[in-house]
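Follow along in the structure as you read.

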Amino acid sequence: MHKRITHLRAALAERELPALLVSAPANRRYLSGFTGSYGWLLVTPSAALLFTDSRYTLRVAREAPAFTLRQVSHEHPFPKLLLAAVTELGLTQIAFESAHVTVAEHRGLVKALKKKATLAPVENVVEPLREIKDADELTTLRRAIALTDAAFSAVVARLTPTTTERQAAWMLELAMRVGGADALAFPSIVAAGPNGAQPHASPSDEPLGSGRPIIIDMGVRLDGYHADMTRTIVLGEPDARFWAIYTVVAEAHRRVIAGLRPGLPAHEADALAREHIAAAGYGEQFGHGLGHGVGLAIHEGPALRRASPNLGSAPLRAGMVTSVEPGIYIEGWGGVRIEDLVLLTEAGCEVLSQAPKLNHE
Ligand code: ZN
Ligand code: ZN
């Protein structure tokens, strides 16, 4: 954690910010180790304070030893404690995470600070630090991914054409929880036949059926970290149209895995898949981006998607963990998506997801 605080202080110095108030739960956990549901961090070049209430006093001592606890209570609400810290540290400006502070909270803080310090909105100060995973994070991610793979393999063998999407989703959830997951990373997607034409369908009472595509998108959350994996399966015999579409997606996926490397701009990674899918005539049927980073959030940087004119696309770096999830979605027929998590390495990338895929010989 000390290393992460050092990195944050460097980022603050670079932006000439004297202090950062951190309230996004994933950022709070990343910097401090604190897993409680309520808390604020105040980080300056010399101080690292954690404000939370009595529910979490013992937990702070155990999880966040690098931070000094300031206990919030009825008599000492957070805005009042922040004013005391500002006075003590001689701060005249505090940056806050504008994407994670409500208007009401902001109003309360401005009032409490009584013009002693101003609040400056900032974005994406901690998030870029989270994009590169350290050894501890990779160990946890690998465990979460292995658990996800195992749950998929155990359940897929027991699915039949009369199993409904909802039942399949529950079987997956049960397998993930019994396997040791803290929770699901997100509600599982099980989408059979035409339901799979929506990339993010919700499970229904529709039976899985036979001979048609079934998209299964699932992942566990373990010690705060998220896994994310999609397979498209068929019960019974797939037809020629299925194989034609599946082969395009599988080849797009393969091209990305072969082409990912540090230095490659994120939008070019997206293009590796998109150009292949478009050349096969399905460009319009691949609406979403190629992939997203995972970690303490299920969706985080880097974003592997088309470049937009005003948004640059940063080069990929070794140590990033991202999904690679090309797909084709056809109204009235269904969809095919294949999603693996991969780790960017100095040499290219390592595919972390190991759940079996369909293989068309
Ligand atoms: Zn997914
Ligand atoms: Zn994903």
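The zinc ion (ligand 2) is coordinated by Asp-228 (OD), His-292 (NE2), Glu-325 (OE) and Glu-339 (OE), at 2.1 to 2.2 Å. Donors here are N, O and S atoms within 2.8 Å of the metal (3.2 Å for Na, K and Ca), and water is not among the atoms, so sites may look incomplete. This is a predicted model, in which local features need pLDDT of at least 70 and side-chain atom pairs count only at pLDDT 80 or more, while totals for chains, interfaces and linings use all residues. Residues are numbered from 1 along each chain as its sequence is written, chains are lettered from A and ligands numbered from 1 in the order in which they are written, and side-chain values use heavy atoms, with hydrogens and water left out.

The arrangement around the zinc ion (ligand 2) is irregular because its four donor atoms subtend angles of 79 to 155°. Four donors count as tetrahedral if all angles lie between 85 and 135 degrees; four count as square planar and six as octahedral if opposite donors are over 155 degrees apart and all others between 65 and 115; anything else is irregular.

Asp-228 also coordinates the zinc ion (ligand 1), which lies 3.2 Å from the zinc ion (ligand 2).

Asp-228 is buried, with a relative accessible area of 5%, and Glu-325 counts as buried at 8%. Buried means under 20% relative accessible area, exposed over 50%, and partly exposed in between (1.4 Å probe, protein chains only).
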